[in-house]
Structures are given as C-alpha cells and as structure tokens.
Amino acid sequence: MTQPTDLRGWQRLSQHYSANKDLTMRSLFAADPERFEHFQLQAAGIFLDYSKNRVSKETMQLLTDLAREANVEQKITNMFAGELVNPTEGRQALHTALRNRSNSPVVVEGQDVMPGVQAVLDRMHVFSDQVRNGEWLGYKNEPITDVVNIGIGGSDLGPLMACEALAAFAHERLNMHFVSNVDGSHIAETLKGLNPRTTLFIIASKTFTTQETLTNANSAKTWFLESDANESDVAKHFVALSTNAEKVAAFGIDTNNMFEFWDWVGGRYSLWCAIGLPIILSIGMERFYQFLEGAHAMDEHFKTAPLDENIPVTLGLLTVWYTNFHGAHSHLIAPYDQYLHRFPAYLQQLTMESNGKSVHIDGSAVDCETGPIVWGEPGTNGQHAYFQLVHQGTHLIPTDFILPMESLNPIGNHHELLMANCFAQSEALMMGKSSEELTLEMRNAGASADEIDRLTGHRTFSGNRPSNTIMMQRLDARALGALIATYEHKVYVEAAIWNINPFDQWGVELGKQLASKIQQELAGGKTVSAHDSSTNGLINRALKLRNLHA
C-alpha cells in the first residue's frame, strides 16, 4: 500500500513547510488586512474562523491537493453510500442514516434501512411521551422522577454530554443520572437519595454482555428489589437499548421496551439512535428531531461542499498539517460555554478511539503520526490552569475555541465577559508579546531598566500559536447536532488522509480480555504465577492485603 508520505502532495507540503516554517501569523495578517474574510467558512449554523493558523492560501491549496490525491472525496461518497468502510469488522458506518431527515433511501445489502430507523424513533417517541407526561407509572402507580442511564463508552459519553449541553431545555420533573464506571462508588453514590418507586433505569449495551454495564445493572436491580418491589416489577422500571432479546428478557425487561440499533452504528457514533433515549427523555422528541436536523444539515454540507469550502475537511486538514508537519502531539478543545463542559471528554473518545491507530486499512504499519491527544475544559476555567502551558510552554498545541453568541442565561455582563475572554485568548496565542512591546509597557508603568531586564524572559510570549474559533448563534439542539457532526466528519477526513480505519477499536478489547482472566484469578484467591513478574506481584499483593482485612 502507498504510504501517505509517498504521495506527491505530502512531499510538496513537506517542502512548503521547510521553506515557510519561520513564517509568523503576525506577518500574514499584516500582509493581508482582509485575512479574516479570506479564511472563514459557515454552514448549518456553524461559523469557522481559521485565520489564526500558520497557513497561507498556498498552504491551504496544497492541503486540498493532498486531500484530493488521498481520494477524500471518494471516501466521503463511499461512507454515505453504505460501502464497507470498516473492513476489519466487515461493516458499514452509517450513523449519517440515523439523522437522514430527508428520508431518502439508504441501502445496505440491498435493503433500505430508513424505515427501520424511523420505526425505532417512533417507538422511542411513544415511550418518551409516556414518561415525560407522567403516564408511565412505577410499581406503586407513581410517575417517574429520576432516570438512570447505565452504559459505558459511547453508550454513556454521548448521551451524558448531550443531556448536559441541552440542560437548559430539560424536562422540569425528570432528573437525569449516568453510571458508567465499574467502581462500585459510582452506582452507590448515584442511587443515594433516589426512590425505587419513581426511578427508571436504562441499560445500554448492544450485546447485553458488556461487563461494566451488566455489573452496574445487576447492582441497580439488587437495589431495586431490596425495596418492597418484586421481580415482576422490574419490567416497569428497567428498559434496554440492545439487540439481544434473549438476555434482555432473562434480566426481567419486557422486550417490548427494548430499543434496538444496528451493527453499522459504532458506539461512539450512536447517540443519534436508541442510545439517545436519555436525550429524548430529557429534551423531548421535538427537540431531538431538531438535534438530528442540525447534524443532517452538516452531513449535507460535508457531502456536497467543495473540499476548499468544506468545514470538516478544513478542520481535518489543519490537524494533519500540525500533527505531521509541525510535530504537534495534542489538540485542545476549549468550549466557552458551561453547558459544553463534557464536550472535550466526548471528543476524546470520538477522536482517540477512532484515529489512535498505527496500521493502515490493509494492516501495514503507518510511517507517520496519527491521532493527536485531545483534551480540554470549559473556558474560562482553563485560563487559570493549563493555558499557562499553551501560551509559554514548549509544546505547540493547536486550539479550538467554541463559543455561542447568545447566552441561554443572560445574567448581567457575564456573557460579554465570557466572549471577551474567548476572543482575547485566541488573539494572545496568535500575537504573543515581544520584548519591545513588554519594555514599552513596563516603562509606561514606571518600571526600572533593571526590573525590565530581569523580567523580560518571564513576561514575553512567542505567540504564533494556532487556533480555530467556532461560533454558533446559541447552543440549542440544532446547533449541538451540527457541532457534533462537524467533529465526526473532521475525524473521518484525518483517517482518510492517513489511510486508517476510524471505525474499529481493537485496542479496547485486549485490556478487557486480560481483565476477565485476572478477575477470575482474584475471585479464586490463590497465588498466581501466569503473568509477568509485575502483574503477578500486584495480583498477589492485592490478594494478601484483601485477606488481611477480610
């Protein structure tokens, strides 16, 4: 297989980088007073300013040429057409069909999947209306007040993030809770203060065999039955997001309350279907449809816009530019909206589980960096924590600033201050502060020459640190859908350039397999010697200490 680094476009970019690596954004802005207008895009209610990047028009043209040479356009077409884009698992990747609001046919193996998608949405609509309207009653004929979603990975991060992001539109009676960690403290702390008579549990596991999820589900069931409930009451308080009807029924859940999804839906892309049931219960079906419509609008843009006018393509190419040519190893997500406080964690899974790969689609080893580390927290919190490193550290960290123009809680001048901080941070990262500027500033403040000399190294900023600013009018369901879809497609573009499979996650499985074996050894209580000396020592020490305190 041809390596990405062997492509003519890659080699031209490498030459371009060598010739322009010392170019500063200050000089780029000085040379082009209209740079902001020339380096912006908008679609589906999302506005992108990418002018504060170490790129010229030539850079972007070369990146676009690389995308063309790497067949990005054809790969986009293949995904939407239901081609086998996940060959290691023999699957399509049709999360876009889940939000296909045009209802135009999407054919998988000769069958239009859209009627099945709509049928599940219709069933969730009926069920969610019953719960939200107080018509779904618990075993003591009381309406539901608390919903506990039990899942892990994509069955947790997606719905949790979306429920938090859209909390301003949440149902006034329903309290949403999420349990994922197999640490018993998570389920124990969540259940404290809840009433078994008015609590509904959603068990989210496609196979209904996920170890962490089933462990938490069984503990929740035990807690429920330790009240005055009977086994027959389980069906009134537990529903399933799964495809394994046999195991769901064995648990005690009525399979009429099992909401299915399909193999062509990857876990980290699944909040658009049955896994999104907690979102629907929180914000209602009408807003959930708006959520799907926002994503669909971005899908249409991604599918039809030229590469050089395409928001996800542009963002993906910028990641390739910094990862592979500038040596950047991480990417900061800085949402300036408290409702998006779980968005960086969601993008961690979306990005790193997708593109944390070291082999190409054919199994041959890659010869370039892939999958940057994604991290972040909401602004302005990050400014008082890790932004010191972003501004003056030795790492180059491209940053995405995300900002709604309109606050959902317009209190005093809070939002004006929030916006000011967001814009100031991107300006500071780009401009920095030279020693000449610092000297003038300190002289005007009355500082002595000795003090200026002593502090110059500490108080100057190199600048030239890249960022994107992504804006929307307000953070509502439609905007959130478009924002998530933007990053989904960005990740796909990166994978297309690197020629890796973004839809499998074999790295997740190895630890699970080993954990299952070690769990049996811990349960057996006997000294072990089958592992390396460190793992043997840790297991045996754990057994010894556990026995001492038994």
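The sections below treat the basis of the model, one threonine, the pockets and the cavities.

## Basis of the model

This is a predicted model, in which local features need pLDDT of at least 70, side-chain atom pairs count only at pLDDT 80 or more, and totals for chains, interfaces and linings use all residues. Residues are numbered from 1 along each chain as its sequence is written, and side-chain values use heavy atoms, with hydrogens and water left out.

Thr370 lies in the loop between helix H16 (343–355) and strand E11 (373–375); helices (H or I, at least four residues) and strands (E, at least two) are DSSP runs numbered from the N terminus. Thr370 counts as buried because its relative accessibility is 14%, buried being under 20% relative accessible area with a 1.4 Å probe, protein chains only.

The side chain of Thr370 reaches the backbone oxygen of Lys357 at 2.6 Å, and a polar atom of that side chain lies 3.4 Å from the backbone oxygen of Asn355. Neighbours within four places in sequence aside, Thr370 is in contact (heavy atoms within 4.5 Å) with Asn355, Lys357, Trp498 and Ile500.

## Pockets

A pocket is an open set of points on a 1 Å grid over the protein atoms alone, with protein on both sides within 12 Å along at least five of seven lines; lining residues have an atom within 4 Å of a point. The largest pocket has a volume of about 970 Å³, a volume being the space filled by probe spheres set on the points, which are joined across faces, edges and corners. Its lining comprises 38 residues, with Thr210, Gly267, Gln505, Glu509 and Lys512 nearest the centre. H22 supplies the largest share of this lining, 6 residues.

The second largest pocket holds about 370 Å³ of space. Among its 17 lining residues, Gln338, Ser407, His414, His415 and Leu418 are the closest to its centre. H18 provides the largest share of that lining, 5 residues.

## Cavities

A cavity is a set of grid points where a 1.4 Å probe fits but cannot get out. There are 3 cavities of 30 Å³ or more. The largest cavity has a volume of about 110 Å³; of the 13 residues that line it, Asn20, Leu23, Arg54, Val55 and Trp321 are the closest to its centre. Helix H1 (residues 8–20) contributes the largest share of this lining, 3 residues.

The second largest cavity contains about 40 Å³ of space. Its lining includes Leu318, Tyr322, His331 and Pro398, and H15 gives the most to it, with 4 residues.

Terms used
Buried means under 20% relative accessible area, exposed over 50%, partly exposed in between (1.4 Å probe, protein chains only). A polar contact is a pair of N or O atoms within 3.5 Å; within protein, one must be able to donate a hydrogen and the other to accept it, and residues adjacent in sequence count only if both atoms are side-chain atoms.
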